[in-house]
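Keep the 3D view open beside the text.

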Amino acid sequence: MTTIERIVLLLDKSGMSDAEFERRLGLKEKIVYGWKTGRSKSYTKMLPEIAEVLGTTSSFLLGEADNPAPTQNVTAAHLKGGVDISDLSEDDQQDIIDFIAFKREQRKNKV
């Protein structure tokens, strides 16, 4: 399942209209339609924001996680160099996970 397919799946499950979704993300009208039709992939630049609105993680949207629920915690073993972030809040840890997922997607798009 592609990233946009996962976004659409969660958007459908939420019962939120495209217009409401766009409003919550601060997007212009019909942007989501462009995503769905493949005319635009601008969603790749805002995965953390999309994940937050849909109540999931960027990792799920990117296909790196099977569970859409944002229950993943980061430990030192997850990060290169053994950086310990266990003292950060779950929200801050999730932000780090989302940023890593964003950077991976960014790297994939460069290839």
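This is a predicted model: local features need pLDDT of at least 70, side-chain atom pairs count only at pLDDT 80 or more; totals for chains, interfaces and linings use all residues.

Now step back into the helix itself. H4 spans residues 47-54. Four of its residues are buried: Leu47, Ile50, Ala51 and Leu54. Around the axis they cover an arc of only 100°, so they lie on the same side of H4.

What does the buried side of H4 pack against? The buried residues of H4 pack against helix H1 (3-14), helix H2 (18-25) and helix H3 (31-36). They also pack against helix H5 (58-61) and helix H6 (90-110).

Turn next to the charged side chains. How many salt bridges are there? The count comes to 3, with a side-chain nitrogen of Lys or Arg within 4 Å of a carboxyl oxygen of Asp or Glu as the rule.

Start with Asp18 and Lys36. They form a salt bridge, and their closest N and O atoms are 3.0 Å apart. This pair links distant parts of the chain. Asp18 sits in helix H2, Lys36 sits in helix H3, and 18 residues separate them. Asp18 is partly exposed, because its relative accessibility is 26%. Lys36 is partly exposed too, at 37% relative accessibility.

The remaining pairs belong to helix H2. Glu20 and Arg23 meet in a salt bridge, 2.7 Å from N to O. These two are 3 residues apart in helix H2, so about one helical turn separates them. Glu20 has a relative accessible area of 23% and is therefore partly exposed. Arg23 reaches 56% relative accessibility, so Arg23 counts as exposed; the cut-off for that class is over 50%.

Which side chain meets Glu20 in a salt bridge of 2.9 Å, N to O? That partner is Arg24. Arg24 and Glu20 are 4 residues apart in helix H2, so the separation is again about one helical turn. Arg24 has a relative accessible area of 47%, which means it is partly exposed. Through shared partners, salt bridges join Glu20, Arg23 and Arg24 into one network.

Definitions and conventions:
Residues are numbered from 1 along each chain as its sequence is written. Side-chain values use heavy atoms; hydrogens and water are left out. Buried means under 20% relative accessible area, exposed over 50%, partly exposed in between (1.4 Å probe, protein chains only). The arc is that of the directions from the helix axis to the C-beta atoms. Contact means heavy atoms within 4.5 Å.
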